[in-house]
Amino acid sequence: MKNILLKSFAFFSILTSLQSQTINVHLSHYAGKQYLYMFEKGSKKDTIVTGKLDTEGKTVLTIPAAKKGYTGISHFVLTEGGGMDFIVNNENFSVSCLEEQPNFENTKNTGSPENEFLNQKIKQQKAILDKAGFVQYGLNAYKTEDVLYPALQKENENLQQQFTALRNETAKSTLYAARFIEIYRFLMGIGSSFNQTEEEKAKELNLFVKEKLDMQALYNSGFWNETIEGWADLQQRIIKDDAVLLADTKQILSRIKSKEIYTAFTEKIVTVFTKAGKDDLITAISEYAAKSGKLEKPSKKLTSAINAPVVGAKAPVLETPSGKKTINKKTLLFFYESGCNNCENEIHQLLGNYQIVKNKGYEVISVAADMTKNTGDGHHHAFPWAAQLCDFKGFAGPNFQTYAIIGTPTFFTIDERGIITGKYARLIDTGILN
């Protein structure tokens, strides 16, 4: 009986070993150093393994069974600084570097088609683009009638063909590395042609994000925030049409199957819209996402945005030291945080134009997100209006929660019936100063 149990245990151990995903790491310059090994999940990092390199700078990373299905970028981080990044995609492989500063050039991957593809294609792309840059400089420096011009033109065409072939090869590949390269290319602002105008390139890159970008690949790339912020910035700088931005955002959301990623993208884009002061887009996207059935454990900020009071609705009551206050006359409700640059600008605008606001029949009520009486690094203001609310609970305070404030400054205009007539990021946009 004992022998049977021992044999069964040995068989189980061998089976488990075969099924475990392992990565052999060798960093010869960092023997005995502590490390963390992490996976990417949108805006967050998930620590998988912690440990210590042996006397030769080696360790074996074993991916837990619960994390085995992960495909994306991973980070091997030394607690004292440094480390390396590499792709994980159900491969058992080795990664090593004999230099003090690991990079694409000096890091060796053995047994990983993913990382080999990534390193190779990044190097090829860099070589082509470097040459294309020199050729373009030459084309700009020489006149069309100069002897060298035709040769430069021919080389430019040759490099364009190489670059197109490389793009096509990457597009056809099913490897995660190929998707990562496409994301990297977007972030670098690299279009399909060397001779594109900025507008042509912007339209192409926008089309990639809304129609082709693999959102699961992006979620695990380490470029989640940069890509979404970069895309929104591209829209606002070059396309400059909020109707297009809203439609394209909805199209991206419609392509996302995972509830986790759908929720994360919605939360991120609402944050981006908040910083840009695009309240109409926040409302529209929050309502769209809420009806999708795909939101999973949304954050307090997103829940607040979904439940935010809208223009045309009754203004919620305010919590004051003396009890609940119902707004039933013309009011300019101002949410701010001391020390915030944009808030300070709006405070000065409001102070400078207070008499105009008062003459227009508005009562000003300010609500501060300050956590202490001495917050804002010395930014103290003497306000001339009576209603100055601050419960020292910050954005978690009941008034910030009730009015769904996820970014400051924020102004609400409210009429004499207590109906919200507008929500703005700047005083000048309220129309009161006109």
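Aromatic pairs in the structure, a predicted model, number 20, where rings of Phe, Tyr and Trp (its six-membered ring) pair if their centres lie within 6.5 Å. Planes under 30 degrees apart count as stacked, over 60 as edge-to-face and the rest as tilted. Helices here are DSSP runs of H or I of at least four residues, numbered from the N terminus. One aromatic cluster is formed by F334, Y336, Y354, F383, W385 and F411.

Helix α9 (residues 259-275) has 17 residues and should span 24 Å, the expected span being 1.5 Å times one less than the number of residues. Its end C-alpha atoms are 24 Å apart, which agrees. Of these 17 residues, 12 are buried, so α9 is largely enclosed by the rest of the structure. The buried residues, including I261, Y262 and F265, pack against α6, α7, α8, α10 and α11, contact meaning heavy atoms within 4.5 Å. S258 caps the N-terminal end of α9, with a side-chain oxygen 3.3 Å from the backbone nitrogen of E260. Just after α9, G277 takes a positive phi of about 70°.

Residues are numbered from 1 along each chain as its sequence is written, and side-chain values use heavy atoms, with hydrogens and water left out. Local features need pLDDT of at least 70 and side-chain atom pairs count only at pLDDT 80 or more, whereas totals for chains, interfaces and linings use all residues.

Methods. Helices (H or I, at least four residues) and strands (E, at least two) are DSSP runs, numbered from the N terminus. Buried means under 20% relative accessible area, exposed over 50%, partly exposed in between (1.4 Å probe, protein chains only). A polar contact is a pair of N or O atoms within 3.5 Å; within protein, one must be able to donate a hydrogen and the other to accept it, and residues adjacent in sequence count only if both atoms are side-chain atoms.
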